[in-house]
Amino acid sequence: SLPVELDLYGLLSKYERRELPAWVVEATGADPRVRLRPVVPQGEVVSAMRGYDAVAVPSQWLETGPLVVLEAFAAGVPVIGSRLGGIAEWVEDGVNGLLVPHVPAAEWARAMRRLYEEPGLLDRLRSGVRPLRDMEAVGKEMEALQEEMMAGGPAA
């Protein structure tokens, strides 16, 4: 087994239990390296992520653009994500993260092992995470595109 730790965060409502669900305990064999962490307030998510080597986004269905990927990138942390939907659009495999088939679980184990064992991989992925564009930059890009279109230039 790898000497890694896995912290699980989730959006828990006041009606849900705060301990690990029974199926998670069973799946991990009550491994002490796996921990359920308390919900992080929205304004503190990016700061909390900065302390991690990677953020795993093991979505099991198509998502148009999970915010957690953008939050990880804002924290400068690479993402290990399912090769589905918006995750696969934002995560460049081998550049700013690793893309993994959403099933089987053995693929996730292989990605974790690779991240741990491949020399320099984590540093390369970290350096591939680029700062996110803020709304001002997006606005300027849209303004430039509009001006280009109005001047009869290419609309690419």
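The paragraphs below go through a predicted model of one protein chain, from its overall make-up to individual residues.

Residues are numbered from 1 along each chain as its sequence is written, and side-chain values use heavy atoms, with hydrogens and water left out. Because this is a predicted model, local features need pLDDT of at least 70 and side-chain atom pairs count only at pLDDT 80 or more, while totals for chains, interfaces and linings use all residues.

The protein chain holds 7 helices and 5 strands; here helices (H or I, at least four residues) and strands (E, at least two) are DSSP runs, numbered from the N terminus. Read from that end, the elements follow the order β-α-β-α-β-α-β-α-β-α-α-α. The mean pLDDT of the protein chain is 85, and 88% of the residues reach at least 70; pLDDT is the predictor's confidence in each residue, from 0 to 100. Among the elements, the lowest mean belongs to helix α1 (residues 22-28), at 72, and the highest to β5, at 98. Of the 156 residues, 26% are buried, where buried means under 20% relative accessible area, exposed over 50%, and partly exposed in between (1.4 Å probe, protein chains only). Contacts (heavy atoms within 4.5 Å) between residues at least 6 apart in sequence join residues at least 24 apart in 51% of cases.

Next comes the sheet. Three strands, in the order β3-β4-β5, form an open sheet with parallel pairing; two strands pair if DSSP finds at least two bridges between them. Its edge strands, each pairing on one side only, are β3 (55-57) and β5 (97-100). On average, neighbouring strands are turned by 15° against each other, direction ignored. Axes are lines fitted to C-alpha atoms, for helices over the stretch in contact, and angles run from 0 to 180 degrees between N-to-C directions. Strand β4 (residues 79-82) runs parallel to β5 and is joined to it by 4 bridges. Within this pairing, Ile80 stands opposite Leu98 in β5. Helix α3 (residues 67-74) packs on the sheet, where it touches β3 and β4, and its direction makes about 165° with that of β3.

Strand β4 also contains Ser82, which counts as buried because its relative accessibility is 0%. The Ser82 side chain reaches the backbone oxygen of Ser59 at 2.6 Å. Beyond neighbours within four places in sequence, the contacts of Ser82 include Val57, Pro58, Leu99, Val100 and Trp108.

Val103 and Pro104 are joined by a cis peptide bond, with omega about 0°. Further along, helix α6 (residues 121-128) has Leu121, Leu122, Leu125 and Gly128 as its buried residues. They lie on the same side of α6 because they cover an arc of only 125° around the axis, the arc being that of the directions from the helix axis to the C-beta atoms. Their cover includes β5 and α5 (105-117).

Asp7 counts as buried because its relative accessibility is 15%. Its side chain makes polar contacts with the side chains of Arg35 (2.5 Å) and Arg37 (3.3 Å). A polar contact is a pair of N or O atoms within 3.5 Å; within protein, one must be able to donate a hydrogen and the other to accept it, and residues adjacent in sequence count only if both atoms are side-chain atoms. Not counting residues up to four places away in sequence, Asp7 touches Arg35, Arg37 and Tyr52.
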